[in-house]
Structure formats: structure tokens, C-alpha cells
Amino acid sequence: MAPRGGAPKPLFPKLTGGPRGIGRTETRRHQRLRLEGAMIAAVDGHGFAETTVGELVALAGVSKSTFYDHFESKQECFLATFTTIVTAASREVTLAYRGQSGVEASLTAAFRRFAEIVANETPAATLVVVGSLSLGSEGLDQREMAFVPFERMIHQGFALEPPGRRPSDLAVRVLVAGVWTLVYRCIRKGEPERLIEYLDPMLEWALSYREAEPPAPPQERRQMPRLEPVQEPLPWGEPADSAKSRRLLSQCERIIRATAQLASRAGYSSVTVPAISATAGTSNQTFYEHFKKKEEAFIAAFEALAGRAIAAAFRAAEAELCWQEAIETAYRALLEHLIRDPIFTRIAFYELPVAGPVALDHADAAMRRFTLFLHPEAIPPGVQPLHPAIVEALGGGLWSALQRKITTGDLASLPEFAPALAKVTLIPIRPLP
């Protein structure tokens with residue numbers, strides 16, 4: 001990117017004007033593409049939050065007035081760039097898909113082409129899969145739009161199957177979002193080329209949904225993962241500087257809760273250290289004795305809240321004798337917890353991505369903890385362990401399905417979603433040969 005102490009070097013040569021130039025229409029098109037290319041480079045370099053309009057125009061080799069002639073803000077430029085990338089990628093993947101016959105061959109070709117795009121155009125893939133998350137709730141519509149062509153492709157692939165052997169809308173959503181989860185993890189590890197290694201397990205996973213129902217429950221089950229219940233003296237909705245909070249919580253705990261309360265009410269972007277200190281009834285000096293920046297306090301709040309949610313889910317499942325029923329009970333307990341804990345729900349599904357990739361990695365780790373019941377040591381005898389990539393993808397896909405459900409605003413009906421989530425989870429499970 002930019003040399004130390006200097007301006008960013010332009011990514012593109014300047015256009016030639018005058019009578020031998022390329023013309024006004026083509027010039028505007030070229031300028032827009034240059035700005036979108038600059039957005040890809042900037043986001044790949046240090047993320048959307050740190051990107052400035054000044055940097056974009058310097059990288060694109062255009063003026064600020066030219067930028068604002070095309071876009072009202074850097075966010076509008078980001079969203080336009082996102083759309084350009086997704087449109088081009090979905091077109092390429094669709095062509096690969098249509099070049100084959102039969103659902104297995106078509107999906108294989110589509111996934112292979114998608115993996116090639118991620119490996120060959122990693123900065124663009126980073127903007128779509130990682131960078132878009134930093135927009136929080138404002139980026140949800142864009143990601144929904146990006147999922148549509150891929151979901152449509154899977155539905156079309158199974159269209160010739162008998163009605164009872166076609167994946168549900170929920171299964172297709174989980175499949176697509178699950179693949180995006182794998183892309184995210186490959187990019188964050190700096191190994192985008194490894195996505196192609198997941199072709200076989202992803203195909204196996206997709207084809208498993210030709211089965212309408214999960215297999216018969218095993219006769220016995222192993223112990224569900226056990227997490228110690230979280231004992232807390234006060235609910236998280238209690239004001240962080242109340243008399244009760246001052247008496248029962250440490251200064252660090254009050255800072256963490258104040259951060260969560262502010263982020264859930266006004267959004268993470270609006271949270272400041274002075275606001276946290278005022279809400280917690282502490283000084284800025286006290287804040288910095290415990291945390292270097294607000295991001296650390298926010299992540300600490302998420303970790304505490306996520307731990308409570310996961311522990312509640314697993315604790316509820318312990319009473320079930322059947323492994324499959326235990327999974328549905330765990331889902332139901334989690335969904336009921338989301339209703340009872342609106343602070344966690346808001347932070348986990350909307351605000352956490354705004355805090356950046358490090359915070360998202362903590363969300364990723366929380367999803368891994370919640371899928372412990374699918375790990376080999378947790379499944380009952382006689383059950384074929386799922387490929388680790390399928391387990392990872394399932395976690396991300398289910399999280400995305402929950403997010404879509406929550407954005408409808410009908411939180412009261414969330415527990416009714418548990419059987420459908422359990423079914424999507426369990427259909428890929430197979431008995432040992």
C-alpha cells in the first residue's frame with residue numbers, strides 16, 4: 001500500500017484526454033472501475049473502517065470531485081464494488097454449473113470454479129466475505145443478495161429429483177452460508193488456495209439432503225459436551241453503575257457490562273471509552289488499567305455472553321437420553337436464551353462484525369464450541385463422524401440461518417425453529433457401514 005510517510009501509489013495509469021482520448025462515457029466507466037479497484041486494494045490492506053476517500057482517490061488516480069461524481073460516500077463505493085464482484089463471480093460459477101449435466105457433476109464444477117475464483121482473486125473475495133461483515137446490519141442486505149444466485153443454483157440442481165429428495169430452503173441456505181464460512185476461514189488463515197480441498201466433503205454434504213429425514217436414532221449416546229453453569233450475581237441488563245452493580249461487581253466487570261449495554265443500544269461504532277467509563281461509573285484511567293482499547297472490552301463482553309448462551313444450551317441437553325433429541329433440545333435452549341438475553345442477541349448477530357476481524361474470529365471460535373456435539377468424541381457408537389469441514393460449515397450455516405430469522409423481528413417464535421435446525425444438522429449423519 002502506501003510507503004511510510006507518503007501517499008498511496010496509484011494502481012492505474014492516468015487516462016488520456018483530448019480528441020484522441022477514450023470518450024466521456026468510457027472515461028466515466030473506467031473511473032468507476034478504478035475506484036472499485038482501489039476499494040478492493042484498500043480493504044484488503046487494512047479493512048473498510050480504516051479506508052478513507054483520500055486513500056481511494058490516490059489509489060485510483062482521480063480527484064475527490066470525481067469520486068463524489070460517482071459515489072455519495074465510501075460506503076456506497078464499497079457496496080457498488082461488492083455488487084460488481086458478486087455479479088461477476090456468480091456469472092462465472094453459473095457458467096461452470098451449466099456446462100455439466102446431473103446434480104453431482106454440476107455442483108462439482110460450480111464449487112471448483114468458485115474455489116478457483118477465491119484463490120485467484122483473493123483481495124476481491126476478502127472484500128465480499130470478510131470486509132462486508134464490518135458493515136454490521138447495513139451489510140445484511142448485500143450478503144442476502146450475494147447468496148441468492150448460489151441458492152438458486154442448488155435448487156435448480158435438484159429440480160429433477162423426486163419432490164421428497166430435494167433440499168429444503170433452510171438446507172440450501174445453510175449449505176451456501178456454510179461454504180462462505182469455509183472461505184472466511186481460509187482467507188483469515190492466509191490459505192485461500194486450500195478451499196479446493198473441501199470439494200469432496202462439500203459435495204457429500206450437499207447430496208446428503210436428498211434424504212428427507214435423518215437416520216434412525218442410535219440406541220445409545222455419549223455424554224453431551226458439558227460446560228459449567230455460569231454463576232452471575234446480577235442480570236446483564238442491570239445498569240453498570242447502579243448501587244447493586246457497585247456492590248456486587250468489580251470495576252472490570254462493570255466496564256465490560258457497560259460496553260455491552262452501550263453497544264446493544266447505540267451500536268458498536270458509537271461507543272467511546274469516555275461513554276463506557278461514564279456508564280460504568282469509573283474513570284478513563286480505570287478503563288485503561290484493564291483494557292488497551294474499547295475493542296478489547298467489547299470482545300470480553302461477547303466472550304462472557306457467549307459462554308452463558310452455550311452453557312445454557314448444553315446444560316438443557318444433558319437430560320435427553322437420545323443423541324438426536326439432545327441436539328434439538330440444545331438448539332431450543334439456545335433460541336430461548338436469545339429471547340431472554342437481548343443484549344447478547346444484538347451483539348452477536350449485528351454488532352460483533354463491526355468491531356473487525358479479530359472480533360469476528362472470536363465469534364468463529366464460539367461457533368466451533370457450539371458444534372462440539374458433532375465432534376467424533378461426542379457422537380454415539382455406530383455413527384459415521386462427519387468430515388471436519390462439514391462440521392465447520394454447518395456451524396456457520398446455522399448461524400446465518402439464525403441471523404436471517406432474527407432480522408424478521410419475530411423473536412417470540414424462535415424456539416419453534418429448533419426442529420428445523422436439528423433436522424438440517426442431522427440429515428447428513430450416517431450409520432457406520
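Predicted model: local features only at pLDDT ≥ 70, side-chain atom pairs only at ≥ 80, totals over all residues.
I take a contact to mean heavy atoms within 4.5 Å. With that I looked up Met202, and found that Met202 touches Phe111, Val179, Leu182, Ala389, Ile390 and Ala393, leaving aside residues up to four places away in sequence.

Ground rules, noted before going on. Residues are numbered from 1 along each chain as its sequence is written, and side-chain values use heavy atoms, with hydrogens and water left out.

Overall form. I count 19 helices and 2 strands in the protein chain, taking both as DSSP runs numbered from the N terminus (helices H or I, at least four residues; strands E, at least two). The radius of gyration, taken over C-alpha atoms, is 24 Å, close to the 22 Å that the globule rule gives for 433 residues, so the chain is as compact as a globular protein of that length; the rule is 2.2 Å times the number of residues to the power 0.38. Of the 433 residues, 53% count as buried, where buried means under 20% relative accessible area, exposed over 50% and partly exposed in between (1.4 Å probe, protein chains only).

Core. I then looked up the largest nonpolar core, which has 142 residues, with Leu195 and Met202 making the most contacts inside it. Helix 8 (residues 169-188) gives the most to this core, with 14 residues. Such a core is a set of buried Ala, Val, Leu, Ile, Met, Phe, Trp, Tyr and Cys residues joined through side-chain atoms within 4.5 Å.

Aromatic rings. I find 16 aromatic pairs in the structure, a pair being rings of Phe, Tyr or Trp (its six-membered ring) with centres within 6.5 Å, stacked if the planes are under 30 degrees apart, edge-to-face if over 60 and tilted for the rest. Because Phe314 lies in helix 14 (residues 294-317) and Phe370 in helix 17 (residues 357-370), the pair ties together parts that are 56 residues apart in sequence. Phe370 and Phe373 have ring centres 5.8 Å apart and planes at 90°, so this pair is edge-to-face, and both residues are buried. Ring pairs link Phe314, Tyr331, Phe370 and Phe373 into a cluster.

Cysteines. I find 0 disulfides, a disulfide being a pair of cysteine sulfur atoms within 2.5 Å. Cys186 is buried, with a relative accessible area of 5%, whereas Cys252 is partly exposed at 24%.
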